[in-house]
Amino acid sequence: MSEDVIRPRPVIDPSLPEELREEVTWQARAPDRFPRRYDTGSAGRRARLREGGVQLLGVGFTTALALFTAGWYLGMVIVSISLVAYVAALACRGDARPAVRATGALVGAGAVAAAPVWLTDVVPQDPFPGMPWALFGVLVAMVAADALTSGAGRAVEGPRQQFVVLSDDLTEADRALVAEVQRTIDLVSDARADLGADALDTDRALAVLREQEWRIASLLARQRELRRAHARRWQRASSPRVRDALRPQREHLGAVEDAVRARVAQITAYGVLVEQAVAAHREWEQCQEAVDSTADYVDHRVSAGFLGTASADVSELCATAESARRVRDERVERMLTADRLLTAPE
């Protein structure tokens, strides 16, 4: 089965309080909004500065072209729109510093509030040719502050790291194992609706299964990291002796994989039993419904009991119809005889 087909749901730590669990679940559904790792090193800052420089170059060139061809009015429009768009995007990013985000919000609000003043010609037509460039300088300051402080003071590991396991944290084969556990959880949830919470003690079953789901997913995520580290060491091994030293790691990884598969098989077997219990319950419901509704069919048959014996009224009607038929036959015969006599040659 392809990787696109097997995409298990994010696995959330069941020990979290309900409110925090909902928050982490929401974050897990929007991974781009809350990135797992924040690059706060010099390389990351240089990349952000380069990206910001490219954006500023585009805005600056467009502003200069507008000032040269149409004057300060169009330049103000271009710079104002660019500034408002940037601070709006800054407010939606989760890795920006709160102080920079708040400053950007104030700057954007000020730009929006000041726009009607020059859009409605309250100020002179050419009050100050450098006004668009002054606003462009504010944009440059915002971009620089964001690039230099973005992600600073935040933990390297995002808040989701210790509370959630995503599909991307697992290998393709491990995703299938987690998906099997989640399928069993879905079966038990459906059985709870069909059988009730007491029939199979589904409340306790769901608690146990979700704990097993979290432990298995966490173990498989760690397994993936250790497997990659072992593969790197194995590839860099400079001699067979080094590979011999690495073989116990491979054995441990294999033992963990076998243990996980055995546990998943046990959970899957429980899911099969739940399916059988639900099927038996539905069969019982259908049989009970059939038994309860049989009385209606009995009454219906009893109401049709008069049809089992011959009816005198119907017999009389049949005799009348038979007599009418004989009379008609006799009249037809007499008419045909008379016709033959009239048409016979003399």
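Before you click anything, note that the model is predicted, with local features needing pLDDT of at least 70, side-chain atom pairs counting only at pLDDT 80 or more, and totals for chains, interfaces and linings using all residues. Residue numbers run from 1 along each chain as its sequence is written, and side-chain values use heavy atoms, with hydrogens and water left out.

**Stop 1: the salt bridges**

Side chains of opposite charge can pair when their charged atoms come close. Here a salt bridge means a side-chain nitrogen of Lys or Arg within 4 Å of a carboxyl oxygen of Asp or Glu. Searching the whole structure turns up seven of them. We'll visit some of these.

**Stop 2: Asp168 and Arg7**

Select Asp168 and Arg7 and show their side chains: they form a salt bridge, with 3.3 Å between the closest N and O atoms. This one ties together distant parts of the chain, 161 residues apart: Asp168 is in the loop between β2 (164–165) and α6 (172–195), while Arg7 is in the segment before β1 (11–12). Those element names come from DSSP runs, numbered from the N terminus: helices are H or I with at least four residues, strands are E with at least two.

Buried means under 20% relative accessible area, exposed over 50%, and partly exposed in between (1.4 Å probe, protein chains only). Asp168 is partly exposed at 44%, and Arg7 also counts as partly exposed, at 41%.

**Stop 3: Asp174 and Arg227**

Next, pick Asp174 and Arg227, whose side chains meet in a salt bridge at 4.0 Å, N to O. Again the pair links distant parts of the chain, with Asp174 in helix α6 and Arg227 in helix α7 (residues 202–236), 53 residues apart.

**Stop 4: Asp244 and Arg247**

Move on to helix α8 (residues 240–303), where Asp244 and Arg247 sit three residues apart, so about one helical turn separates them. They form a salt bridge whose closest N and O atoms are 2.0 Å apart. Asp244 is partly exposed at 44%, and so is Arg247, at 39%.

**Stop 5: Gln212**

Finish back in helix α7 by selecting Gln212. With a relative accessible area of 14%, Gln212 is buried. What does Gln212 contact, leaving aside its neighbours within four places in sequence? Show Arg263 and Ile267: both are in contact with Gln212, meaning heavy atoms within 4.5 Å.
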